[in-house]
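Please open the structure in your viewer and keep the selection tool at hand. The stops below are arranged as a tour, each with something to select and a short account of what is there.

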Amino acid sequence: MDEDTQATLPGHAAAERATGERAPQRWVQGWRRIMLGAGMLVYPCLTAVAVNDNVSGAALVAGYAVVGAFCLCFVLTATAMVRGRRRQVLLLLAVMSALFLAALPFAHENAFYLATVVVSFVAVLRRRHATRVTAAATLAALLVPWAVPAWHTGPGTFQALALLFTVLTTGAFAEIATTNQALVAARAEVARLASEAERNRIARDLHDLLGHSLTAITVKSRLAQRLAAKDLDQSLAEMAAVESLSRQALADVRAAVTGYRDVTLAGELARGRELLRAAGVVADLPTSTDPVAAQDGELFGWVVREGLTNVVRHARADRCTVTVTGSSVEIRDDGTGADGRTGGTGGGGGTGEGSGIGKGLRGLRERVAAAGGTVEAGPLSPRGWRLLVTVPPGARHRRTPARKGTT
């Protein structure tokens, strides 16, 4: 098998592994190809009839022996081809070519039926050379009978046409088989990529969900500790809120795994207001989400969740402002954060793309890019941080609706 044929095998094997196709099924397909190729045995049969017409006695026995050996080699070659034994296939093709030449004195022009079988194998296995080999064999089938006066025949027109059209049909069949293998491999690759994308989506959603909820739980737990000595009732209230948040986080995680979680801008603004209050940050948040189109509500909800979570985590801010319009959402804080704020959002905190805040920004960029929008994040002068997400009105009409649970 040459490089053209071998190139399809790794992808086909990968496809079989990805789709759970077992080795016995592969063998069944191989033997099915042998059965389809058994129709080629009609050509040795035609050659055997020609041997009977042209010679007799010992020459007849010798002619039948050559044709019989050719049929045996044909079966062995087809079997070796299915099993991928390249060297054995090439050796057997050489033997079949020799048997074709040996049959010429017995079958005369009809011996070229044997050449039809050999060239058909070449068309499958050596596609780069198939055109030249087919042209040469067709000319030989046409001219050799005319060039040998002892055969008392003219040009081998019928044999040449049979060789040409049989080889073309075999080559087309081989191309279809190769294309089918490539399609199976492509289908397996698409399934793998879809599975990987779904895993990334779940990981991104879990990061967003747990990052927000655990931050709120941590802040409220610290607040409850500080209040325990001064205001026990308020401390108990904060702990009750911690319990509620932990239950909600568990419910969100379960919903995220099944893909049926609902994130709304109004809900995230309400949660964010409570989170900022617990962290001691003055919250300037809108009370209405009317300007936001329905298809952008979930996306803007994720922006608010990610931005406010990072304000509480990293900004060390006194005030946070959220501004919502029909095409954008902006989060500003006046925090100092830490040094090296590249890669952060909503107050930065000295992190790069490899940290939790960097991963959150990457996940947010992916969501916004899928909606056709843009993300701007950077420091403000003299202090603070700004996160701006913009979704142009035209982008809403171009994008395809997302499956529930994703953006």
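A residue is called buried when its relative accessible area is under 20%, exposed when it is over 50%, and partly exposed in between. By that rule R316, with a relative accessible area of 58%, is exposed. The coordinates on display are a predicted model.

**The whole chain**

Begin with the complete protein chain, coloured by secondary structure. The chain contains 14 helices and five strands. Of its 407 residues, 43% count as buried. The chain exposes about 20600 Å², and carbon and sulfur atoms supply 62% of that area. Among contacts with a separation of 6 or more, 65% are between residues 24 or more positions apart.

**Confidence**

The mean pLDDT is 77, and 78% of the residues reach 70 or more. Select residues 1–28: the pLDDT here is below 50, and the stretch has 34 contacts in the model beyond near neighbours in sequence. Then select residues 397–407, where pLDDT again stays under 50. For this second stretch the model has 24 contacts beyond four places in sequence. Where pLDDT is low, the predicted coordinates should not be read in detail.

How many aromatic pairs does the structure hold? There are three. For one of them, select Y43 and Y113, which form a stacked pair with 5.9 Å from centre to centre and 25° between the planes. Y43 lies in helix α4 (residues 42–54) and Y113 in helix α7 (residues 112–125), so the pair ties together parts that are 70 residues apart in sequence. Are these two tyrosines buried or exposed? Y43 is buried, with a relative accessible area of 12%, and Y113 is buried as well, at 6%.

Keep helix α7 in view and select H108, which is placed in the loop between α6 (86–107) and α7. Phi of H108 is near 55°, a positive value in a residue other than glycine. Most residues other than glycine have a negative phi, and most peptide bonds are trans. At 16% relative accessibility, H108 counts as buried.

Move on to R316, in the loop between α12 (294–315) and β2 (319–324). R316 also has a positive phi, near 55°. Is R316 buried or exposed? R316 is exposed, with a relative accessible area of 58%.

**A charge over a ring**

Select R367 together with W302. R367 lies over the face of W302, at 3.9 Å from the ring centre.

**The loop between α10 and α11**

Select T264, found in the loop between α10 (232–258) and α11 (265–279). T264 counts as partly exposed, at 39% relative accessibility. Which residues does T264 touch, not counting those up to four places away in sequence? They are G297 and G301.

**Within α10**

Follow helix α10 to S246. At 33% relative accessibility, S246 counts as partly exposed. Select L210 as well and display the C-alpha atoms of both residues. These atoms are separated by 9.6 Å, although S246 and L210 are 36 residues apart along the chain.

**A cis peptide bond**

Zoom in on S381 and P382. The peptide bond from S381 to P382 is cis, with omega near 5°. P382 sits in the loop between β4 (374–379) and β5 (385–390).

**The cysteines**

For the last stop, display the cysteine side chains. A disulfide is a covalent bond between the sulfur atoms of two cysteines. How many disulfides are counted here? The count comes to zero. The cut-off for a disulfide is a pair of cysteine sulfur atoms within 2.5 Å. Select C73 and C71 to see why C73 forms none: the closest cysteine sulfur to that of C73 is in C71, at 9.4 Å, which is too far for a bond. C73 counts as buried, at 10% relative accessibility. Finish with C320, which counts as buried at 0% relative accessibility.

Key:
Residues are numbered from 1 along each chain as its sequence is written. This is a predicted model: local features need pLDDT of at least 70, side-chain atom pairs count only at pLDDT 80 or more; totals for chains, interfaces and linings use all residues. Side-chain values use heavy atoms; hydrogens and water are left out. Buried means under 20% relative accessible area, exposed over 50%, partly exposed in between (1.4 Å probe, protein chains only). Helices (H or I, at least four residues) and strands (E, at least two) are DSSP runs, numbered from the N terminus. Contact means heavy atoms within 4.5 Å. Accessible areas come from the Shrake-Rupley method with a 1.4 Å probe; for residues, only the protein chains shown count as cover. Rings of Phe, Tyr and Trp (its six-membered ring) pair if their centres lie within 6.5 Å; planes under 30 degrees apart count as stacked, over 60 as edge-to-face and the rest as tilted. A charge sits over a ring if NZ of Lys or CZ of Arg is within 6 Å of the ring centre and within 35 degrees of the ring normal. pLDDT is the predictor's confidence in each residue, from 0 to 100.
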